Amino acid sequence: MGEVIRIHEVGLRDGLQNEAAFVPTDEKVRLAGMLADAGLTRIELTSFVSPRWIPQLADAAMVAEQAPRVPGVRYSALVPNLRGLEGAKAAGLDAVAIFLSASEAHSKKNINKSIAEALEVLEEVARAAKAEGMWVRGYVSTVFGCPYEGAVDPAVPVRIVERLFDVGIDEVSLGDTIGVANPRQVRDIVGRLQAILPLDRIALHMHDTRGTALANVLAGLDLGVTIFDSAFGGLGGCPYAPGASGNLATEDLVYMLEGMGYETGVDLEKLILASEHVAELVSRTLPSKVLQSELGKRIKDRDRAARSR
Ligand code: HMG
Ligand code: MG
């Protein structure tokens, strides 16, 4: 058995929040089932945020209530405030993710709050969730660069992470919101955090906007990081970060990790079925390279079979 890597699947949340098409609730529910069937054990279902800000996820309560629960799978949702936490709890979730930015301008655009204001709200949310025995993840966005401010001082996300762990969160996910990070930055920031946190509390959330996501994952792996976020098909981005298209595709991550001898527990063929289905629903070709290659191979095989008839 190779080392186990935990994949945190964010396609239904980070992916769909950035698609022009609204995916119907029953299809989101069906996709959640397909992802669990493919072996994913962490599925971020939706966000309990303002439907004015993120209309694509306006059906959060229904999705979270109706998604089939497979034992051993952790189902979570994003919550920006106590109201979101209440919504997640009422929908039967026992895991939530709070989120804030490491840059002031992105923070304002994303949640209409300064970093200090956001921290105050989120500390209250985290305390309330922990008091209920919930699992809490904290996302820090724009760790590696901001669409409005450019470079981000790494001391800022480190201070934010310290504050969040002081109120008892379980895990932090470091977001390359707009896909600008490079492996040297990953080594720098993970190295700083490693000095204050166990490595198994640190996840990397890479967007592949500029093709550097897997290189960044590799830098994380070399340091001992074992939790990575990705979206099936390579769906997604952040609607308040111009140009932020494409989370790292789960297929591409699984392909590389399994090839290197790591254990992900994911069945690539089943995952591809889910990605093909969501691609139809959002009416666009999805960027996952492994998905593209598989679809290309099928077309070739079909043509060959037709010629030989
Ligand atoms: P606001 O306008 O400052 O606050 O928004 P508000 O309290 O005045 O509320 C505005 C409206 O939202 C009101 O309704 C509230 O009732 C409602 P209205 O009067 O306009 O009809 N509201 C809510 N509705 C449902 N659920 C709630 C809730 N709270 C208030 N929980 C707020 C502040 C935070 C609500 C807003 O800015 C918001 O919802 N932002 C969401 C932004 C978002 O989801 N961004 C994408 C996720 S972050 C991300 O993708 C990055 C990540 O992937 C990591 C990475 O890549 O780096 C995680
Ligand atoms: Mg993201």
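This is a predicted model: local features need pLDDT of at least 70, side-chain atom pairs count only at pLDDT 80 or more; totals for chains, interfaces and linings use all residues.

Mentor: Residues are numbered from 1 along each chain as its sequence is written, chains are lettered from A and ligands numbered from 1 in the order in which they are written, and side-chain values use heavy atoms, with hydrogens and water left out.

Trainee: How many residues surround ligand 1?

Mentor: A residue is counted if one of its heavy atoms lies within 4 Å of the ligand. The closest include Arg 52, Arg 83 and Asn 110. The total around ligand 1 is 26 residues.

Trainee: Which residue has a polar side-chain atom 2.8 Å from an oxygen atom of ligand 1?

Mentor: A polar contact is a pair of N or O atoms within 3.5 Å. A nitrogen atom of ligand 1 lies 2.9 Å from a side-chain N or O atom of Asn 81, and a backbone N or O atom of Phe 48 is 2.9 Å from a nitrogen atom of the ligand. The contact with the oxygen atom, at 2.8 Å, is made by the side chain of Gln 17.

Trainee: Which residues coordinate the magnesium ion (ligand 2)?

Mentor: Donors are N, O and S atoms within 2.8 Å of the metal (3.2 Å for Na, K and Ca); water is not among the atoms, so sites may look incomplete. The donor residues are spaced D-x190-H-x1-H in sequence. At 2.0 to 2.4 Å, the coordinating residues are Asp 14 (OD), His 205 (NE2) and His 207 (NE2).

Methods. A polar contact is a pair of N or O atoms within 3.5 Å; within protein, one must be able to donate a hydrogen and the other to accept it, and residues adjacent in sequence count only if both atoms are side-chain atoms.
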